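Biologist: Please show me the chain, and then I will ask about it piece by piece.

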Amino acid sequence: MTVTLPSPASPLKIGTRGSPLALAQAYETRARLAAAFDLPPEAFEIVVIKTTGDNRAMIDADRPLKEIGGKGLFTKEIEEDLLSGAIDIAVHSMKDMPVLQPDGLLLDTYLPREDVRDAFVSHSKSALIELAEGAVVGTSSLRRRAQLLNRRPDLQVVEFRGNVQTRLKKLSEGVAECTFLAAAGLNRLAMDDVPATPIETDDMLPAVAQGAIGIERRLDDSRVADMLAAIHDTTTGQRLAAERAFLAALDGSCETPIAGLAELDGDTLRLRGEVLRPDGSESISDDQTCPIEDGAELGRAIAKGLLNKAGEGFFDWRA
């Protein structure tokens, strides 16, 4: 394989949002590419792109994501720059990615997955069970809201939008008694000082693709494809193939609370999936295994089974 490598004089441009976590993910991508091809960091340029979802006014208003445009709010401008050639690759948090990409783009490279768990974050408590009846909990995640209310319908859940730092600031200001963050984000930001307790996946199934970094490219860019192949993590790809097939078959928007997690054990893939009503009043789930190569097929099958199990009326709230 002969690849024309980037150089400080002609760097490969890596597009990303500007939040500390997004930048950490872009730096990790740069470091892995530099190591794979024995290149200096200067051979890669980090290009910060402001997306609609980063609008300060919308963040401060704490409006639910589904009301202001869904997951595409965080990708539209980045993907436009990728299509135009302004950047060469785009780095994304996979749990925020729609299941379909625009024509001409491909998302098929994943870095090794971090901790998939949610973390309970509070200055005074260490677990959900310790919260008093009627306690105020902050989260911007429709999935977490539904899961929390399913387990503790007495809780008051308030919107908590913004990046990790913004949400921690709201917590310290007493807007809520606790919040929930992805353990992966805290790890990538080395935020060991945050009062966070990981929640086991049996207690709170995470978002589809949580903890995974994805790298998007132009479909016809064979040079970039060859470079990305050197840092792609096959195991993460196998797990996400099952999870994202499950999500796509259910509902790839931000309007339905969905959780899903694939895990590997030898040649076997285990996939757990859950879908809930937004108010937490009902939850349906499934847990099945299959050969790894059949993961995507199992994801679609579990989704179909949950849709059948949901029955008439389960999604009436969307009408």
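This is a predicted model: local features need pLDDT of at least 70, side-chain atom pairs count only at pLDDT 80 or more; totals for chains, interfaces and linings use all residues.

**Strands, helices and what they touch**

Biologist: Which residues of S10 are buried on each side?
Modeller: In a regular strand the side chains alternate between the two faces of the sheet. Both faces of S10 are covered.

Biologist: In S10, what is the bridge partner of Leu105?
Modeller: Strands of a sheet pair through backbone hydrogen bonds, either parallel or antiparallel. Strand S3 (residues 89–93) runs antiparallel to S10 and is joined to it by five bridges, with Ser93 opposite Ile213. Strand S4 (residues 105–110) also pairs with S10 in the antiparallel sense over five bridges. Within S10, the partner of Leu105 is Arg218.

Biologist: Against which strands do the buried residues of H3 pack?
Modeller: Helix H3 covers residues 76–84, and its buried residues are Glu77, Ile78, Glu79 and Leu82. After the helix comes Gly85, with a positive phi near 95 degrees. The buried residues of H3 pack against strand S1 (12–16), S3, S4 and S10.

Biologist: Which strands stand at the edges of the open sheet of five strands?
Modeller: The order in this sheet is S7-S6-S8-S5-S9, with mixed pairing. An edge strand has a single partner strand, so one side of it is left without a neighbour in the sheet. The strands at the edges are S7 (156–158) and S9 (196–199).

Biologist: Which residue of S9 stands opposite Ala119?
Modeller: Strand S5 (residues 118–121) pairs with S9 in the antiparallel sense, over four bridges. In S9, the residue opposite Ala119 is Pro198.

Biologist: At about what angle to S8 does helix H5 run?
Modeller: Helix H4 (residues 142–151) packs on the sheet, touching S5, strand S6 (136–138), S7 and strand S8 (178–182), and its direction makes about 130 degrees with that of S8. Helix H5 (residues 164–172) lies across S5 and S8. Its angle to S8 is about 165 degrees.

Biologist: Is Val157 buried or exposed?
Modeller: Val157 is found in strand S7. Leaving aside its neighbours within four places in sequence, Val157 is in contact with Val137, Thr139, Arg145 and Leu149. The C-alpha atoms of Val157 and Thr139 are 7.0 Å apart, although 18 residues separate them along the chain. At 14% relative accessibility, under the 20% limit, Val157 counts as buried.

Biologist: How many disulfides are found in the whole structure?
Modeller: A disulfide is a covalent bond between the sulfur atoms of two cysteines. Cys178 is buried at 0% relative accessibility, and Cys290 is buried at 11%. A search of the whole structure for disulfides finds zero.

Biologist: How do the residues in the contact of H8 with H9 divide into nonpolar, polar and charged?
Modeller: The axes of H8 (residues 234–250) and H9 (residues 295–310) come within 7 Å and cross at roughly 35 degrees, and the crossing is right-handed. The contact residues include Ala241, Ala245 and Phe246 of H8 and Gly299, Arg300 and Leu306 of H9. The contact divides into eleven nonpolar, two polar and one charged.

Notes:
Residues are numbered from 1 along each chain as its sequence is written. Side-chain values use heavy atoms; hydrogens and water are left out. Axes are lines fitted to C-alpha atoms, for helices over the stretch in contact, and angles run from 0 to 180 degrees between N-to-C directions. Helices (H or I, at least four residues) and strands (E, at least two) are DSSP runs, numbered from the N terminus. A crossing is left-handed if the near helix is turned anticlockwise from the far one by less than a right angle, and right-handed if clockwise. Contact means heavy atoms within 4.5 Å. Ala, Val, Leu, Ile, Met, Phe, Trp, Tyr, Cys and Pro count as nonpolar, Asp, Glu, Lys and Arg as charged, and the others, Gly among them, as polar. Buried means under 20% relative accessible area, exposed over 50%, partly exposed in between (1.4 Å probe, protein chains only). Two strands pair if DSSP finds at least two bridges between them. A disulfide is a pair of cysteine sulfur atoms within 2.5 Å.
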